[in-house]
Amino acid sequence: MGSGTPYFIPLNEAIEISLNRSLTLKTEIVPLEKSYNRILSSSLSALTNDPPFDNSAMDGFAVKYNETLNPPNKFSISNIIAAGNKFDNIVKNREAARIMTGAPIPNGADSIIPIEDCEVDNENNTVTLNQESKPHFIRKKGENFTENQILLEEGTYLTPEKVSLCAAMGHDKIPVFKPIKVAIISTGDELRLPGEKLERGEIYESNTFGLSSLVSWLGHEPIRFPSVVDNLQKLRETLDSASKSCDVIITSGGVSMGERDFVRKIMEEEGNIDFWRIKVRPGSPPLFGTWNKTPIFGLPGNPVSSHVVFRVLCAPWFRAQTKSSQPQETKIRVKLDQDIKTVTGFITLRRIHLFNDGEQILATTKHHQGSGNIASIALGEALTLLGPNDSGKKGDFCDALLL
Ligand code: AMP
Ligand code: MG
């Protein structure tokens, strides 16, 4: 593939091609408390019913429903049943059992009346119910899920809520994919680490920090490499080392057509390129291929471009490795509140702010839209997904990817 080729491929084609280079991931068992942000390697079924027994949804009294018709009705208080009570309790005729939220329903009772709707007479140990009791305040055994029911499929990304669900299902050890080890390499003579003093012509290196965070967000393991200066030999050494220690390589910078775009150059001469350049703006120059058989995404150096390309090109590849659709990209439908510049034939991803006019979600741009302006994506709320034929006129609707 010559560097002069004008050929840009559509994003979906690029994703398809990248998926031809897939990894076979190993799996491991982790303790439940370490399972957040991991991806299930096999489906999980419940080890118990939830709830495991009929219990009260309210603090109140457990009674027989038929005895509460035509209120008011007076009952003698039989006993107190707290959450965790292990005894067989019985409510006899004209009795009410004081019951706490989560406590097992005593035999004979079929309904609850909340404490706030009762008049308790402590001296005589009686309670008067001024309304009918409520059968629906009993949480029935298995009404949430039943033993052996499969609730979480292979490929499920474990959010905080799903970690709680694993616990409620009774699992203390969770089967997950081993994280993909991802080398993150920035290139450029001008790059300095934050915290260092900038000399003339230098800028802070920001891409590897954001890209590493994106890799972590997907549940995988970023390995940040020291930035590589624009030098073929140094780049070769770093790529060799990364391909030995990591499963996949992500570089930033040096993939355009310039004289000193060494990632493209070395990939052309010594690596293997599956595609170069895709029809998205910003972020059109990425390449994908292999270095020593290790898949490599060569992302553009402009900070917005590297983020955008990760979201639309790399993230689908990572999700596919674990048969996972998550963490999900959330798309919403927005109405443009201003003209947005599109590029015919390309997907246009402008950084937008959203507001609600009471009827629909409107989108505007606030920050300078240059692909070098990391603040535009960091402070933006979504990316437009304007299609190849969209004109981006004020009043048009389009999909937007939430950031
Ligand atoms: P390049 O693709 O190497 O030509 O870089 C394009 C632009 O992105 C240039 O202005 C670079 O200075 C800038 N850039 C490249 N790499 C980084 C990085 N890691 N962090 C911040 N900016 C970068
Ligand atoms: Mg560069």
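Helices and strands here are DSSP runs numbered from the N terminus, a helix having H or I over at least four residues and a strand having E over at least two. The model is predicted.

**Domains**

The domain assignment divides the chain into domain 1 (11-26 + 178-321), domain 2 (28-49 + 155-176), domain 3 (55-139) and domain 4 (331-402). Between the C-alpha centres of domain 2 and domain 4 the distance is 37 Å.

**Empty space**

Rolling a probe the size of a water molecule over the atoms shows where empty space is left. The volumes found in this model are as follows.

| Site | Volume |
|---|---|
| Largest pocket | about 350 Å³ |
| Second largest pocket | about 230 Å³ |
| Largest cavity | about 30 Å³ |

The largest pocket has 24 lining residues, and those nearest its centre are Glu190, Asn207, Gly253, Gly301 and Asn302. Sorted by class, this lining holds eleven polar, eight nonpolar and five charged residues.

The second largest pocket has a lining of another make-up: seven residues are nonpolar, five are charged and no polar residue is present. Of the elements, α6 gives the most, with four residues. In terms of domains, domain 1 (11-26 + 178-321) and domain 4 (331-402) each contribute at least three residues to the lining of the second largest pocket.

A search of the whole structure for cavities of 30 Å³ or more returns one. The largest cavity is lined by Thr187, by the run Val228, Val229, Asp230 and Asn231, by Leu235 and Gly254, and by Arg260, Asp261, Phe262 and Val263. By class this lining has five nonpolar, three polar and three charged residues.

**Ligand 1**

Around ligand 1 there are 16 residues, and the nearest are Glu190, Glu205, Ser206, Gly254 and Gly301. Glu190 and Gly301 are also named among the residues nearest the centre of the largest pocket, while Gly254 also lines the largest cavity.

How far is an oxygen atom of ligand 1 from an N or O atom in the side chain of Glu190? The distance is 2.5 Å. Two further contacts use the protein backbone. At Asn207, a backbone N or O atom is 3.3 Å from a nitrogen atom of the ligand. At Asn302, a polar backbone atom is 3.2 Å from an oxygen atom of ligand 1. Ligand 1 taken alone exposes 480 Å², and the protein buries 76% of that area. Asn207 and Asn302, like Glu190, are listed nearest the centre of the largest pocket.

**Backbone geometry**

Most residues other than glycine have a negative phi, and most peptide bonds are trans. Three places in the chain depart from this pattern.

The peptide bond between Asp50 and Pro51 is cis, with omega about -5°. Pro51 sits in the loop from β2 (44-45) to β3 (55-56).

A cis peptide bond also links Pro71 to Pro72, and here omega is about 5°. Pro72 belongs to the loop between β4 (60-63) and β5 (73-81).

Asn148, a residue other than glycine, has a positive phi near 75°. Asn148 is in the loop that runs between β10 (138-139) and β11 (150-152).

Notes
Residues numbered from 1 in each chain as written. Chains lettered and ligands numbered in written order. Predicted model: local features only at pLDDT ≥ 70, side-chain atom pairs only at ≥ 80, totals over all residues. Heavy atoms only, no water. 1 Å grid on protein atoms, 1.4 Å probe; cavity = no way out; pocket = protein on both sides within 12 Å on 5 of 7 lines; lining within 4 Å. Points joined across faces, edges and corners; volume = space filled by probe spheres on them. Nonpolar A, V, L, I, M, F, W, Y, C, P; charged D, E, K, R; others polar. Domains from an automatic or database assignment. Near = heavy atom within 4 Å. Polar contact = N/O pair within 3.5 Å; in protein donor to acceptor, adjacent residues only side chain to side chain. Areas by Shrake-Rupley, 256 points an atom, 1.4 Å probe, with all protein chains shown as cover.
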